[in-house]
Structure formats: C-alpha cells, structure tokens
Amino acid sequence: MFDISPTEWTAILLSLRVAVIATLVATPFGIALAWLLARRDFWGKSLLDAAVHLPLVLPPVVTGYLLLLTFGKRGLVGGWLADHLGIVFAFRWTGAALACGVMSFPLLVRPIRLSIEAVDRRLEQAAETLGAAPWRVFATVTLPLALPGVLAGMVLGFAKAIGEFGATITFVSNIPGETQTISSAIYSLIQTPDGDSAAARLVIISVVLAVGALVAAEVFARRATARLHGQ
Amino acid sequence: MLRVDITKQLGEFSLTAAFTSEGRVTGLFGASGSGKTSLINTIAGLVRPDRGTIVIDGETVDDTAAGIHIPTYRRRIGYVFQDARLFPHLDIRQNLDYGRRMNGLTEDPAQHKRVVDLLDIGALLDRRPGKLSGGERQRVALGRALLSKPRLLLLDEPLGALDESRKLEILPYLVRLRDEAGVPMVYVSHDAAELRQLATQIVMLRHGQVTAFGGVKVLTGGA
C-alpha cells in the first residue's frame with residue numbers, strides 16, 4: 001500500500017515547496033495587515049477587512065480566474081512583471097504558490113490579528129516611557145508577545161496552502177512536475193481507471209498533514225497564554 | 001526643575017494646572033477623579049495638552065503655541081505605574097536592561113549594582129515577572145525606570161495596588177530612592193500620610209483644578 005511512486009513523490013514535494021514559499025512570502029504581509037487591523041483606525045478599514053476575507057467566501061474558481069486575469073501573461077500586473085522583472089506566474093509553480101498564498105491569507109491573518117489584539121496596550125505604553133520608539137515597541141514587545149499567534153497563523157496558512165485546489169487548478173492548470181500538487185494529483189488519479197490506491201495514499205498523506213497542522217496550531221495557542229502570563 | 005502650565009479637556013472633565021516645582025519629590029495629591037493621573041500622563045507625553053507648556057529640566061517638551069510636542073519615548077522620563085507592567089516575555093534582568101537598550105546607553109555595571117542593591121532585587125534577576133509577588137514586581141518596576149537614567153521619575157500611585165503590609169515594605173525603598181538616587185520625582189497619591197513621608201512639595205488637585213501648592217504642610221489644610 002505504501003509504495004509511493006515517483007509521480008506521487010513529485011506531487012508531494014511540489015506541494016510542500018509551494019506551501020512553504022506561499023507561507024513564508026505571505027507572513028510579513030500578514031503581520032503588517034494584522035497589525036493595521038488590530039491597532040489602527042482608518043478610513044476603509046472594514047472594506048480592507050472584507051477584502052482580506054474574500055478568498056474564504058468566494059468560489060475558489062472565481063479567485064483563480066481573477067488571478068489569471070490579473071497575473072496571467074496578458075494580465076495587468078502579470079504582463080508588467082514578466083516584461084520588467086522576468087517573473088512569470090502563469091502555468092508555473094510560482095503561480096501555484098501565489099494562488100495558495102492568496103487562498104490561505106485569511107487563515108494566516110486571523111490568529112495573528114487576534115494575538116496582537118490580546119497584547120496589553122499598557123505594556124506598549126510602558127515600553128514607550130522607557131525610551132522605545134514606536135517601531136521598537138512593536139519589535140520588542142508587541143511582536144514577541146504575539147509570536148505564538150504568528151506561528152499558529154503560519155501553520156494554519158500552510159495547512160490550507162498545501163491542500164488548495166480550486167484556485168490553483170484554475171490559475172495554473174494541472175501540469176505534472178510543475179503545477180500538479182497533491183490535490184490536483186488526487187483529482188487526476190480518481191479520474192483514472194486504476195488510480196484508486198494511489199489516490200488513497202495521497203488522501204492519507206493530506207489528512208496526516210492537515211491534522212498535524214491543527215495540533216501544532218493548538219500547541220502554539222497554549223504557549224501564547226503561558227507567555228502572556230509571564231511564566 | 002519642572003514647570004507645568006496646561007489645560008486639557010477630556011470629555012466632560014477639564015484639567016487646568018500651573019505650577020513650578022524645584023522640589024526633589026513633587027506630590028500630586030487629590031481624591032480619585034481629581035485629575036492626578038491625567039496630569040502625570042500629560043507630563044509623560046501620553047496625553048497632549050490643548051494649551052500650554054511643560055518644561056522638564058530646562059527642555060520644553062510641550063509648547064502648544066510653538067507646536068512643540070516631544071513624544072514620550074524622547075522625553076527621557078521614567079514612569080512607574082500602579083500595576084508594575086513588567087514585560088512578561090522577559091526575565092527580570094532583561095526587564096531591568098530594557099530602558100538602557102532602548103535609549104542606546106552604554107552598560108553601567110556600577111549603577112546597575114547600585115540600583116539592584118538599593119531595591120534589594122538581586123535574588124530576582126533570573127526569574128520571570130509571573131513568579132513575583134506584587135511588592136517585588138513594584139520594586140523591579142522602580143529599578144527598570146531608574147536604569148533608563150531618566151531626568152524625571154513619574155510615579156502614579158505605585159503603592160496603590162498593594163495591601164497595607166506590602167506598602168510598609170516598599171515605602172522605605174522610596175525614601176532611599178529620594179535621598180540617594182538623585183532623580184527628581186513626581187509622586188501621585190490620594191494618601192496624605194504617604195506624601196507626608198515622601199514629598200517635598202505638594203500640588204493639591206480638586207475637580208481638575210490646583211487648589212493649593214506649597215510645602216508638605218498644605219496637606220494638613222485638608223482636601
């Protein structure tokens with residue numbers, strides 16, 4: 001049963017690479033946005049909040065299609081990036097990472113935002129009276145105290161990214177070795193007459209990865225509580 | 001020297017205060033709701049006055065007419081809050097060192113030792129804030145503020161959250177601080193007995209107005 005074929009390995013490793021890159025690139029943006037939503041009041045805040053959550057409620061195929069229109073070779077942003085920076089998303093694994101990053105973004109931002117909101121502002125005030133400029137208050141007090149939430153967000157985002165299907169296949173198709181992630185491979189296998197056992201193996205791997213991520217996120221959440229109480 | 005001449009409207013509450021204090025410990029005395037905390041927060045720069053000036057140690061940190069408002073982190077003040085507000089993710093040693101790091105000061109082991117000895121916190125250095133008693137936390141908070149080498153130390157009811165016996169435990173440290181640390185202090189309290197022991201000058205506040213200013217004897221006038 002657990003005789004994983006080279007094609008399956010390719011899909012697994014590609015999924016891991018796509019999800020890792022998507023998470024690492026999305027995290028700084030996620031932290032910045034979470035901080036804005038948690039600590040600042042500005043015009044259009046609820047609009048921004050809604051935009052962040054959009055991938056969660058839009059049909060993934062719509063998100064994928066919008067990505068294709070924007071970041072495809074003839075898309076407004078995609079065309080410019082290809083011409084000026086040589087970065088191409090369409091039908092590449094980088095496009096899969098972009099799709100996964102966008103789809104997992106709401107799950108990444110939420111725990112970070114909640115953990116920043118939980119940081120006692122009186123501690124930030126104390127840091128300021130001790131001579132810390134605003135960005136150093138963030139770096140030395142807010143972020144370290146929110147760190148478990150940041151890790152929880154990264155794990156959840158990673159878990160979502162590794163399983164993403166709809167937006168990815170719409171945006172970058174299902175090309176073995178380039179854009180065929182675990183999910184796309186399962187999709188192909190269950191449409192193939194003898195693909196059942198291979199599909200089952202990948203399904204088990206997906207379940208293990210997802211459960212592992214949820215457990216890890218829970219552990220980080222518990223550490224956050226201990227950290228906030230200074231134990 | 002501390003010179004304050006400000007007005008500030010906070011919702012329904014209006015605060016007006018003008019005084020110049022040369023004293024080592026300026027006591028802000030008044031009942032709760034009299035504007036003591038608002039006044040000390042204005043001196044700290046956490047609250048921006050609507051009108052007026054604040055001068056700390058010869059430097060104008062607020063002057064609304066000239067558009068001057070130095071942010072809190074550049075005022076070189078120390079602030080001890082009623083709740084110690086130690087950083088829970090740092091141990092005591094790191095808490096004490098925080099102000100020095102943020103102000104870019106060079107290490108000063110002699111002063112570090114002096115403050116640690118003065119406050120008797122040497123045994124706590126490797127502990128976490130969560131494991132400390134209320135009195136210990138407040139002593140560490142005092143040390144942390146002192147080690148940032150402030151030119152003015154602000155204390156907002158530093159004994160307010162402690163029970164009677166803990167108060168008596170901390171009070172001698174505050175007296176030593178006043179006599180040995182050489183940093184002028186502004187000390188907020190609603191407890192006349194506490195101020196009689198510590199303060200050299202008193203600013204009496206009532207409903208946001210200064211009702212008396214002078215030596216400790218103004219406390220006997222009642223409020």
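**Legends to the close-up views**

**B:Gly45 touches B:Val61, B:Ile70, B:Pro71, B:Thr72 and B:Arg75, leaving out residues up to four places away in sequence.** Two residues are in contact if their C-beta atoms, placed from the backbone, lie within 7 Å. The model is predicted: local features need pLDDT of at least 70 and side-chain atom pairs count only at pLDDT 80 or more, while totals for chains, interfaces and linings use all residues. Residues are numbered from 1 along each chain as its sequence is written, with chains lettered from A and ligands numbered from 1 in the order in which they are written. B:Gly45 belongs to the loop between α1 (36–44) and β4 (51–56) of chain B; helices (H or I, at least four residues) and strands (E, at least two) are DSSP runs, numbered from the N terminus. B:Gly45 counts as buried because 23 other C-beta atoms lie within 10 Å; the cut-offs are 20 or more such atoms for buried, 12 or fewer for exposed, and partly exposed in between, with C-beta atoms placed from the backbone. A distance of 14 Å separates the C-alpha atoms of B:Gly45 and B:Thr7, which are 38 residues apart along the chain.

**Helix α3 (residues 60–71) of chain A has its end C-alpha atoms 16 Å apart.** This agrees with the 16 Å that its twelve residues should span at 1.5 Å a residue, where the expected span is 1.5 Å times one less than the number of residues. Buried in α3(A) are A:Thr63, A:Gly64, A:Leu67, A:Leu68 and A:Phe71. Seen down the axis of α3(A), these buried residues fall within an arc of 140°, so they line one face of the helix; the arc is that of the directions from the helix axis to the C-beta atoms. Their cover includes α2 (45–57), α4 (76–84), α5 (93–118) and α8 (166–172) of chain A.

**The largest nonpolar core holds 117 residues.** Such a core is a set of buried Ala, Val, Leu, Ile, Met, Phe, Trp, Tyr and Cys residues joined through C-beta atoms within 7 Å. A:Ala99, A:Cys100, A:Val155, B:Leu28, B:Leu154, B:Val186 and B:Tyr187 touch the most other members. Helix α7 (residues 134–163) of chain A gives the most to this core, with 15 residues. Beyond its neighbours within four places in sequence, B:Val186 is in contact with B:Leu2, B:Thr26, B:Leu28, B:Ile40, B:Ile43, B:Leu152, B:Leu154 and B:Leu155.

**The contact involves 19 residues from chain A and 21 residues from chain B.** On the side of chain B that touches chain A, β7 (77–80) and α2 (92–102) of chain B each supply at least two residues.
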